[in-house]
Amino acid sequence: MTIIEVPQSAAPDILVSRPPVAASDVPEKVSGAARGVSRPDKRKTIKPTRDRLMTALSLVAAIGGTLVGVIGFAMSYSTLAKVALSWGFSEGLAPWFPVGVDASIIAFLALDLYLIRKSTPWPLLRVAAHAMTGATIWFNASSQGRISADPVKAASHGVMPILFVIGVEAARRLIIQKARLEAGTATDRIPMHRWILSPVATPRFYRRMRLHGISSYPEMIRRQQALIGYEQWLKRKYDGDLSKATEDERLPMKMAAHGYTVAEALAMPEQQERDAEARAEEAERRRLDAETRQELARKKAEADRLEADGQLEAVRARVEGETGQARAHARAQVSAAERAAALEETALETAVIAEARAREAEAERKEAQEREAKGAAEVRAAELARQAAEKRRLAAEADRVAAAEAQAIETAEIAEARKRRAEADRLTAETERAAAEARRRTAETDRLTAQENERKALADVGVQEARKREAETEYAAAEARLAAAEIERRSVEIEDVAKLSPRERSVRKVARMILAASGDADRVLLADIQRETAVSSTDTASKYRQEAVDLLSQGYRPEQ
């Protein structure tokens, strides 16, 4: 209990016994202690003595409290054990009845002190301990019969539990005060002599301390002295008429009831003006920030709109370019198809011509064969003629010999003429044989040439057929591209009317790509999606493809 009495004894000695103007002497007293030589020595001699005294008192209190508790518990135990036997408890349970009652008091009070030490008090434990204490007192007092019959005897049996509870309450108060001192939340008590000497003003004084959280009694005294001194100065300034003072000058008297000091009350207008200026500056800053954000949002919206317009124009230009390209390609394919048809017609004509040439070659071949046969016949005829000529020569030779023999008178010129005639016949036969051989070779050459021309004609027919099929394929592809370009153009127009976002447009473009790939999403490569939608991330392209598949599963078609 002496821990909280130190500031109580110090406060009246320093502040209460002096007039208000002497409040400034407190620092002089404290500083004087620092300058003196004898006072520190005195403190050094008093402090160890006080510590030893406090230690001794604590030991006496602890030993005495323990002794009182043990004696009270022993007396209560014996009394309650006898009461339990008289109330019908068995001899085995009767000794445990006082243990349960008194032990519950100790357990509840110990647990209450422990929770207070941990700054988590639970008032129900204290109430329960007090209830059990009251029950113990009642049981001990009524153990000797009716209380009204012998009150002194009943009080002698009930006083020991009361003493034990008083000791525990003292320890509880000490622990609470120590915890408050350690936490810096301890509150000074108002000295008893102030309640006696100033019974009217002290309750207001106490009320201000509790309402405004002022834990120091000397601090409250200093505030009151400062307020009284300021009020006296203000009266002296205005000749005792405080109504002449301004509102700002009367603030300390008005705000004292709300816990303000004189300095805080006088500084309040300036502080409020600074706060108002700060709030105005903050409001102006927020207004400027809001205007800046609005301007940025407006510019960003304008930039987004321009970007969207640019993207729309780019899409339109791309679609128009693709459409024009598709149309030009279709026209080129049509022209190519027409040229292919013309070439096919030419090829057909060429095939007819080749067929005619083949028939002509066949006729020439047959004619050559006939000429060859005729030449062979002529050769055979020439051979026969030669043989005949030979025979005629031999006959002529024989005739000549015979004639020479028969007619010795035939002249040499006639024989020579006959010889030249026979030689001429031989040369003529050889010439005809060589001409027949030449005609045979010419016929063979014409036959081979006719066969080569026939093969070339057949090859030309196959090439023309292949070109015709290729032209038809190109024409069909051109028609498909033209239809796809037309669908793309209509889809872009529909998306423009629906005012779709760029992401929705990209998803629909990917959906049209999947439809163009016969509805198989795996055939649409992510690289193609990145190129068509102008995105650089494969993850984004994959998400576009998945969203396009979901869109197609919901029944999306480009004409919708």
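**Cavities in a predicted model**

By class, the second largest cavity is lined by five nonpolar, four polar and one charged residues. Here nonpolar means Ala, Val, Leu, Ile, Met, Phe, Trp, Tyr, Cys and Pro, charged means Asp, Glu, Lys and Arg, and polar means the others, Gly among them. The model is predicted: local features need pLDDT of at least 70, side-chain atom pairs count only at pLDDT 80 or more, and totals for chains, interfaces and linings use all residues. Residues are numbered from 1 along each chain as its sequence is written, and side-chain values use heavy atoms, without hydrogens and water.

**View 1. The second largest cavity.** This cavity holds about 100 Å³ of space. A cavity is a set of points on a 1 Å grid over the protein atoms alone where a 1.4 Å probe fits but cannot get out; lining residues have an atom within 4 Å of a point. The volume is the space filled by probe spheres set on the points, which are joined across faces, edges and corners. Among the lining residues are G69, F73, D102, T136 and F164.

**View 2. Helices around the second largest cavity.** α3 (38-86), α4 (96-117) and α6 (151-183) each supply at least two lining residues. The largest share, four residues, comes from α3. Helices are DSSP runs (H or I, at least four residues), numbered from the N terminus.

**View 3. The largest cavity.** About 120 Å³ of space lies here. Its lining has 13 residues; R208, R223, L227, A256 and Y260 lie nearest the centre. Helix α9 (residues 217-237) gives the most, four residues. The lining divides into seven nonpolar, four polar and two charged residues.

Key. 1 Å grid on protein atoms, 1.4 Å probe; cavity = no way out; pocket = protein on both sides within 12 Å on 5 of 7 lines; lining within 4 Å.
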